[in-house]
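Hi everyone, thanks for coming.

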Amino acid sequence: MLSAERAQGGAGHRFERAAVVGAGLMGRGIAQVLAAGGLDVVLYDAEAHILDDSVEAIRARLGEADGHGLLTGAADLDSAVGDADLVVEAVTEDLGVKRDIFAQISAATASAVLATNTSVLPVTAIAEGARHPERVLGTHWWNPPDLIPVVEVVPGRRTSAEVTERVMALLGCLGKTPVRVRRDVPGFIGNRLQHALWREAIALVADGICDAETVDLVARNTIGLRLARLGPLENADYVGLDLTLAIHDTVIPVLSRDSEPSHLLRELVERGDLGARSGRGFLEWRPGDRQAAALALAAHLTAQTASGSVRCSGQHGSGQQRGTSS
Ligand SMILES: NC(=O)c1ccc[n+]([C@@H]2O[C@H](COP(=O)([O-])OP(=O)(O)OC[C@H]3O[C@@H](n4cnc5c(N)ncnc54)[C@H](O)[C@@H]3O)[C@@H](O)[C@H]2O)c1
């Protein structure tokens with residue numbers, strides 16, 4: 001991997017010192033990628049034990065590899081972000097919490113670019129907390145950040161084009177595939193696709209068509225097997241748009257059109273059945289199952305990446321598809 005300094009070009013505009021705010025699942029992975037790419041990274045979390053665990057885990061993963069930046073933890077937010085030229089926020093998915101954090105970060109930094117890792121919240125709304133919304137944008141990394149190539153880059157309504165370009169360049173040189181989202185819509189691209197599928201998956205169970213195990217078995221062993229190779233629109237072209245239209249004529253009218261979360265999902269949450277963390281959700285989870293699932297996922301993604309079956313470039317155009325902006 002190129003060091004961040006060599007690869008970013010644009011003298012005077014390089015990112016060299018990053019801060020990551022929120023050291024949970026996503027923050028620690030993002031910090032690892034930034035440090036592996038040669039940036040010095042300061043990590044901060046409101047919970048001291050989470051911060052300590054994360055710093056230890058990232059250092060262990062960076063190991064003796066050449067060229068990585070320094071990775072340190074900070075005891076408070078202001079000192080974490082004070083020297084940073086890039087701050088990535090990965091705290092709880094709550095608009096009020098994120099806005100407050102952005103207000104605090106932007107008061108403590110002179111000229112840093114501020115990126116939120118929100119999954120679905122409008123970046124423009126988060127940026128309202130900041131002093132300089134032109135320096136705020138979304139960088140939506142996927143879990144696990146070190147293994148999933150695509151990062152969605154979401155300019156807010158007031159984000160400057162230069163900031164967006166600089167962050168796209170940095171992500172590219174970190175080995176990521178940055179994809180620019182043209183408009184700041186909730187859920188961006190990936191989560192709109194993902195949660196359209198989840199809405200239908202939950203509806204199939206709620207309507208008694210099949211149980212949760214069967215939904216997952218079918219999804220994993222049909223569309224799931226194909227999706228990494230053939231995207232949905234490429235597949236529509238591949239089978240023919242006349243067939244796609246004929247199928248849509250029948251199936252679109254009967255798909256779930258719920259405009260709010262499923263009553264089944266609400267009931268499970270109200271009962272305390274939160275999934276792997278509580279031992280029961282749509283499925284049963286025994287102690288250790290969640291850790292085993294994380295390890296199995298990492299092994300699967302690593303194998304796919306190593307085998308070259310992860311496709312980040314277009315087969316039908318020239319060069320890498322680096323955005324939806326053209
Ligand atoms: N989990 C995923 O798969 C995933 C994927 C993409 C994006 N995201 C988004 O990334 C963000 C973080 O998600 P996560 O899964 O890492 O959550 P997490 O719960 O694992 O980590 C969040 C961390 O933020 C810390 N925190 C909360 N409030 C804080 C504050 N005011 N100051 C400092 N630290 C604070 C918490 O202590 C916690 O360690 C969310 O916006 C989430 O929607 C999550």
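So, the shell around the ligand: by class, it has 12 nonpolar, 8 polar and 3 charged residues. Here Ala, Val, Leu, Ile, Met, Phe, Trp, Tyr, Cys and Pro count as nonpolar, Asp, Glu, Lys and Arg as charged, and the others, Gly among them, as polar. What you're looking at is a predicted model, where local features need pLDDT of at least 70 and side-chain atom pairs count only at pLDDT 80 or more, while totals for chains, interfaces and linings use all residues. Residues are numbered from 1 along each chain as its sequence is written.

Which residues are closest to the ligand? Of the 23 that surround it, those are Gly22, Gly24, Met26, Ser119 and Asn143 (near means a C-beta atom, placed from the backbone, within 6 Å). Two elements give two or more residues to this shell, α2 (25-36) and α5 (95-108), and α2 has the largest share, with 3 residues. Helices (H or I, at least four residues) and strands (E, at least two) are DSSP runs, numbered from the N terminus.

You'll find Pro144 in the loop between β6 (136-140) and β7 (150-155).

Another loop, between β8 (177-180) and α8 (190-206), holds Phe188. Its phi is near 55 degrees, a positive value in a residue other than glycine. Is Phe188 buried or exposed? It counts as buried because it has 22 C-beta neighbours inside 10 Å; the cut-offs are 20 or more other C-beta atoms within 10 Å for buried, 12 or fewer for exposed, and partly exposed in between, with C-beta atoms placed from the backbone.

Now to strand β4, residues 86-89. Both its faces are covered: Leu86 and Val88 on one side, Val87 and Glu89 on the other, all buried. β4 runs parallel to β1 (residues 17-21), joined by 4 bridges, and Ala19 stands opposite Val87. Another 4 bridges join β4 to β5 (residues 113-116), also parallel, where Ala115 is the bridge partner of Val88. Getting from β4 to β5, the chain passes through α5, in a right-handed β-α-β crossover (clockwise from the first strand over the helix to the second, with the strands pointing away from the viewer).

Last, confidence: the mean pLDDT, the predictor's confidence in each residue from 0 to 100, is 92 for the chain, and 91% of residues reach 70 or more.

Note on methods
Two strands pair if DSSP finds at least two bridges between them.
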